[in-house]
Amino acid sequence: MMRRAQFGLALLLATGCLWNPVLLMEDEPFRPAPGSFPPLEKAHTYRGELVFVDHANRRGSLRVQGSGMFFRNDPHPFAMLPCGIVRYHGAPADLRDVPLGTILHVHAFLPPDPQISSVPVLPVDNRTKDANHNRGAGIFPAENHVLLLEDEPSRCLREGSVWKLQEVECQNNTGTLLATLEPPEAGSAKVDPEKLTFDAATRIWRGRECLGIEDLVQEGLWPASGKQSLAAQAVHLGLTWKPTPDGVFTRFHISDIWLDDTALTLATRRQTETHKAFIRSRWMPARVDAVEYGKFGRATVTATLFGGMDPSLYADFQASTSAMINAVENTLKHTHGAYGAAHMASRGTILDVTRSTDAVPLGSSGLQIRFETDLIIEGIRTGRIVRIRPGGWPQVQVPREEYLDDAANPDERFPTPAIFPKY
């Protein structure tokens, strides 16, 4: 029934039907090199509830699920890697697009350069420590620099898994669903069900309709009161968390149910268009691979565009077209300008665009451009992060919190990590 998104690596992270919070320890902690595209298979994985977002600095806090009482877990800071990808409703996203309370799946690493981390740097064995007070281990991992952050439908689309509704129990448009998370290939292993809550605010998406629980009750699809079998109906779910009144400390809540492909395709399309408009106004992030210096400020810059975005954005990078390139900080904030991105940006022409024939790591688009300018700025150097604007994209002023006057001043670069507790 459900489509499978063509995104990233087809890596199965679930064991059985339910996400497994048991922590898998590698022999040696892996710290990626600054400016690299780290391998997804070496990431530490966990999930949690989004409880705080600092979108301008691409960081936030999650209540990480561990082995203890979920509601007791302190918010844990995380930061997106420069090449880090956010996925929401099966589409590219910015942190500002994801509602607080959303359950997110995290694939993260130790800070590549602890000296410039925008969140606290923790002992590398922090995920093995028991947090006490019935919270258990694993809720404060040192791996807090994120390569891939995705909500439940995005994770399921990437893996090809699907939720199947087994039974509903309803009373006054509130109740529980018994559901199993089925892997893409059914095996002989038994899939245990998970109990999830819903209420009158849960959104039901069917085709182009947005329904409520009361609509399903009126149509006779769900009972007004009592239990009813749903015969393993295949759906996609959006998950959040709400306090439960019955003493169950880690039971997740359903924010959305997509009943068919059309409904989820529309949600994906809406989010894709939101993100496309955002990137066109903030410019495409990239990593500088090489700089060939000429005379009197001339230079040719080779850069790899970051990945995870809609193909139409990459299609705008064409040889012989004009472009602007500006240095940015690791949070992707524009630098070297007193009033926005274009103030000090280097202007020039895209000489050529090439696509890698090798396997492309997550975080990279596999597209490399060569750009020639007659006035290179200081921040555009090999290994540094930049943003690039093709000539056809709008030239607008970004809000003050999204650019920096002085990239060399840590206090101006971002509010220091001291705003976060260091657990």
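1. Across the interface of domain 1 and domain 2, five residue pairs are in polar contact, both residues at pLDDT 80 or more. A polar contact is a pair of N or O atoms within 3.5 Å; within protein, one must be able to donate a hydrogen and the other to accept it, and residues adjacent in sequence count only if both atoms are side-chain atoms. On the domain 1 side, β3 (76-88), β6 (145-151) and α3 (261-282) each give at least two of the residues that touch domain 2. The largest share, six residues, is from α3. Helices (H or I, at least four residues) and strands (E, at least two) are DSSP runs, numbered from the N terminus.

2. This is a predicted model, in which local features need pLDDT of at least 70 and side-chain atom pairs count only at pLDDT 80 or more, while totals for chains, interfaces and linings use all residues. Residues are numbered from 1 along each chain as its sequence is written, and side-chain values use heavy atoms, with hydrogens and water left out.

3. Domain 1 covers 32-282 and domain 2 covers 284-390, with bounds from an automatic or database domain assignment. Their centres, taken over C-alpha atoms, are 33 Å apart. Each side brings 22 residues to the contact (heavy atoms within 4.5 Å).

4. About 2000 Å² is buried between domain 1 and domain 2, 65% of it from carbon and sulfur atoms. Buried area is the accessible area (1.4 Å probe) that two parts lose on being put together, summed over both.

5. One salt bridge is counted between the domains, a term for a side-chain nitrogen of Lys or Arg within 4 Å of a carboxyl oxygen of Asp or Glu. Arg 280 forms a salt bridge with Asp 316, with 3.8 Å between the closest N and O atoms.
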